[in-house]
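Biologist: Please show me the model, and then let us go through it with a few questions.

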Amino acid sequence: MRRNSRARLGVSLLLVVGALGLGATPSTAADTPAAPSAIPSPSAYALDAAVERQLGAATAGSYLDAKTGKLVVTVTTDRAEEQARAAGATVRRVARSAAQLDAAMDALEAEAKITGTSWGVDPRTNRIAVEADSSVSARDMARLEAVAERLGGAVDVQRVPGVFHREVLGGGAIHGGGSRCSAAFNVTKGGARYFVTAGHCTNISANWSASSGGPVVGIREGTSFPTNDYGIVRYTDGSSPAGNVDLYNGSTQDISSAADAVVGQAIKKSGSTTKVTSGTVTAVNVTVNYGDGPVYGMVRTTACSAGGDSGGAHFAGSVALGIHSGSSGCSGTSGSAIHQPVTEALSAYGVTVY
């Protein structure tokens, strides 16, 4: 069932970003604001989380302002505006409440659950941003557009290139079941070391190696796909890998905390196919209708990615944000790398980044 819109490495080597790709589509909506060049400060992440806890459904979402870099909280009532301002947030009044946006996504879920489509909340436009890939037939496109029209401007539908698909490519960092994927982030619990990766990867095999046909370095302890897209593997080779992400330039990025991505913020994606690419978060609480089942509560970005990047790391500075789920590549320099929020995986398994 769809989530509510407000629910929000080993053998002494770095395991980052994978070799099993799920396709998605480029974000090219004409009314998407320009990307900021900054990432949220630690206080902005904390403010976003605090306002979400305090306001709940009284806010229709928050985003990072492209010009000022400040967190903007959308509200529809005087009371919510007062609370958001008291918390220290910049406030913007909008026409549609969280309940109205939820109702629009419920309608899409019930009437337009079509393979090759995705939708999520863009608080900058106060609308549901829908993408339909090239596999969606003219008949299904007409059905999707009819639902959107009935919802009276709450939904924006864009036809985009690319097709949701699975594909296995070479060059991955971890190997299991004859396929290659990669770890997103190294994590710990009670002194034991693990890595988290995509659930469609951990569905493939219980045993994972650092090289094709090599010795097992970790054993799967949990997996969730579809609906979610995360899994966890416990290191069993006695190693204590660092909690870094490979930047593919001879250096690494230390990861010291985790947070939920904010619409409008800049992010980076580290992957073994497209290496490190940059982008902007364009929508949250995204539903992606893959051919083998939907995933909910995802995050859509404009980072370039390709088959082979699946399972990898989405991050901003030292903050872990997500586990790469899917993409169909890039259109020019703009892509649509979709990630599973890492905070959900950390909570599900009771682990922390380090």
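This is a predicted model: local features need pLDDT of at least 70, side-chain atom pairs count only at pLDDT 80 or more; totals for chains, interfaces and linings use all residues.

Biologist: How are α3 and α4 oriented to each other?
Modeller: Helix α3 covers residues 98-111 and helix α4 covers residues 138-150. Their axes are 10 Å apart, and the packing angle is about 155°. Angles over 145 degrees count as roughly antiparallel. Therefore α3 and α4 are roughly antiparallel.

Biologist: Which residues of α4 make the contact with α3?
Modeller: The α3 side of the contact consists of Ala107, Leu108 and Glu111. By class, the contact has four nonpolar, no polar and three charged residues. From α4, the contact residues are Arg143, Leu144, Val147 and Arg150.

Biologist: Is the crossing of α3 and α4 left-handed or right-handed?
Modeller: The handedness describes how one helix is turned relative to the other. For α3 and α4, the crossing is right-handed.

Biologist: Which residue is joined to Cys181 by a disulfide?
Modeller: A disulfide is a covalent bond between the sulfur atoms of two cysteines. The cut-off for the sulfur pair is within 2.5 Å, and here the S to S distance is 2.3 Å. The count comes to one disulfide. The partner of Cys181 is Cys201.

Biologist: How many residues apart in sequence are the parts that Cys181 and Cys201 tie together?
Modeller: Cys181 lies in strand β10 (residues 179-181), whereas Cys201 lies in helix α5 (residues 199-202). The pair therefore ties together parts whose separation in sequence is 20 residues.

Biologist: Are Cys181 and Cys201 buried or exposed?
Modeller: Buried means under 20% relative accessible area. Both Cys181 and Cys201 are buried.

How values were computed: Residues are numbered from 1 along each chain as its sequence is written. Side-chain values use heavy atoms; hydrogens and water are left out. Axes are lines fitted to C-alpha atoms, for helices over the stretch in contact, and angles run from 0 to 180 degrees between N-to-C directions. Helices (H or I, at least four residues) and strands (E, at least two) are DSSP runs, numbered from the N terminus. Angles under 35 degrees count as roughly parallel, over 145 as roughly antiparallel, 65 to 115 as roughly perpendicular and the rest as oblique. Contact means heavy atoms within 4.5 Å. Ala, Val, Leu, Ile, Met, Phe, Trp, Tyr, Cys and Pro count as nonpolar, Asp, Glu, Lys and Arg as charged, and the others, Gly among them, as polar. Buried means under 20% relative accessible area, exposed over 50%, partly exposed in between (1.4 Å probe, protein chains only).
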